[in-house]
Amino acid sequence: MKDHASRAALVAALIAAGTVALAGTTTAAAAADTTVPPTVSPTDPRLVPNPVESSDEGTSWTCRAAGPDITCDGDLAYGWSAEPGPDDWCVQPLWSVDGRFHRTQARWYSLDPASGQYLEYFRLVHVDTSDALVASPDAPASLGVQTRLLMTWRSGFGTPGVLDSRVTRKQGIDTWFKTARGGVFTLDVGQKTTILSDDFDLRGRWDVAAGDPGVEFAKVCTALGL
C-alpha cells in the first residue's frame with residue numbers, strides 16, 4: 001500500500017513537472033514569436049540624414065531595426081501621358097509621352113554612441129524609367145524614339161551621415177534609345193564614380209558616356225525627322 005502511494009505521488013510529480021515544462025516551452029515560444037524587429041518612424045530625428053527630408057517628395061518609406069543598425073526602404077513610382085522633354089537637342093523642343101518612373105532605394109544607418117544618432121553609411125538605389133520622345137505632344141508613342149534608363153547606384157560615405165561625403169558607383173545598363181524600326185543606337189554600360197550631394201529624380205535626364213553626347217542625341221533628332 002505504501003509502495004502504491006509512493007508510485008502515485010511520483011506519477012503526480014512527473015505530470016506536474018511536465019506541465020510546468022510545457023508551460024515554460026509555450027511561454028518561450030510565445031516570446032520567440034514576438035521578437036520581430038520593431039519598426040522605426042522614417043521621420044525619427046535620430047536618422048541622419050533623415051530619409052524623408054533628403055528624398056524626393058512622394059517617396060514612401062518604411063524603417064526597421066536590424067540588430068544594432070536601422071534600415072530604411074523607399075519607393076517612388078508614377079507615370080505621365082505627355083510633358084515637355086529635352087528642349088536643346090533638336091531644332092524644336094521634344095515631348096516625352098507614355099512615361100513611367102520607378103525608383104527603389106535602401107539606406108543603412110548605424111548608431112553613433114557619442115551623439116545617440118543613427119548615421120547613414122551605405123545606400124543602394126535602383127532606377128527604372130522609360131518613355132518615348134516625339135516631336136509633338138499629340139504624336140503616338142509608336143512613332144517616337146523609345147528610351148529606357150535602367151541602372152543601380154551603390155553609395156558609400158566618407159563620413160557617415162554627411163551627404164557631401166557620399167561617393168557613388170553606377171553599375172549596369174544606363175541608357176538606350178530605340179527607333180520605331182527597332183534598332184538600338186545608343187547604349188551605355190559600365191561604371192563611373194561620382195559625388196552626389198542630394199537625392200534626385202532622373203525623369204527626362206540621360207547620361208550618354210558612349211561617345212560624344214551631341215552626336216548621340218542628334219541621332220534622336222534624325223530618327224524623328226527633325
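Partly exposed describes a residue whose relative accessible area lies between the buried limit of under 20% and the exposed limit of over 50%. The legends below refer to a predicted model.

**View 1. Thr159 in the loop between strands E7 and E8.** Thr159 lies between strand E7 (145–157) and strand E8 (166–171). Its relative accessible area is 42%, so Thr159 is partly exposed. Along the chain, Thr159 and Glu120 are 39 residues apart, and their C-alpha atoms are separated by 9.0 Å.

**View 2. The salt bridge between Glu120 and Arg123.** The closest N and O atoms of Arg123 and Glu120 are 2.7 Å apart. Buried means under 20% relative accessible area. Glu120 has 0% relative accessibility and therefore counts as buried. Arg123, at 1%, counts as buried too.

**View 3. The salt bridge between Asp56 and Arg103.** The side chains of Asp56 and Arg103 meet with an N to O distance of 2.9 Å. Asp56 belongs to the loop between strand E2 (47–48) and strand E3 (60–66), whereas Arg103 belongs to strand E5 (residues 95–112). The pair links distant parts of the chain, with 47 residues separating the partners. Both Asp56 and Arg103 are buried.

**View 4. The salt bridge between Arg100 and Asp128.** Here the N to O distance is 3.6 Å. Arg100 is in strand E5 and Asp128 in strand E6 (residues 117–134), so that this pair, 28 residues apart, also links distant parts of the chain. Are the two partners buried or partly exposed? Arg100 has a relative accessible area of 36% and is partly exposed, while Asp128, at 18% relative accessibility, counts as buried.

**View 5. The largest nonpolar core.** Ten residues make up this core. Among them are the aromatic side chains of Trp89, Phe177 and Phe217. The core also includes Leu94, Leu133, Leu224, Val145 and Val220, together with Cys90 and Cys221. Helix H2 (residues 213–223) gives the most to the core, with three residues. In soluble globular proteins, nonpolar side chains tend to be buried together.

Terms used: Residues numbered from 1 in each chain as written. Predicted model: local features only at pLDDT ≥ 70, side-chain atom pairs only at ≥ 80, totals over all residues. Heavy atoms only, no water. Salt bridge = Lys/Arg side-chain N within 4 Å of Asp/Glu carboxyl O. Helix = DSSP H or I, 4+ residues; strand = E, 2+ residues; numbered from the N terminus. Buried < 20%, exposed > 50% of the residue type's maximum accessible area, 1.4 Å probe, protein only. Core = buried A, V, L, I, M, F, W, Y, C linked by side-chain atoms within 4.5 Å.
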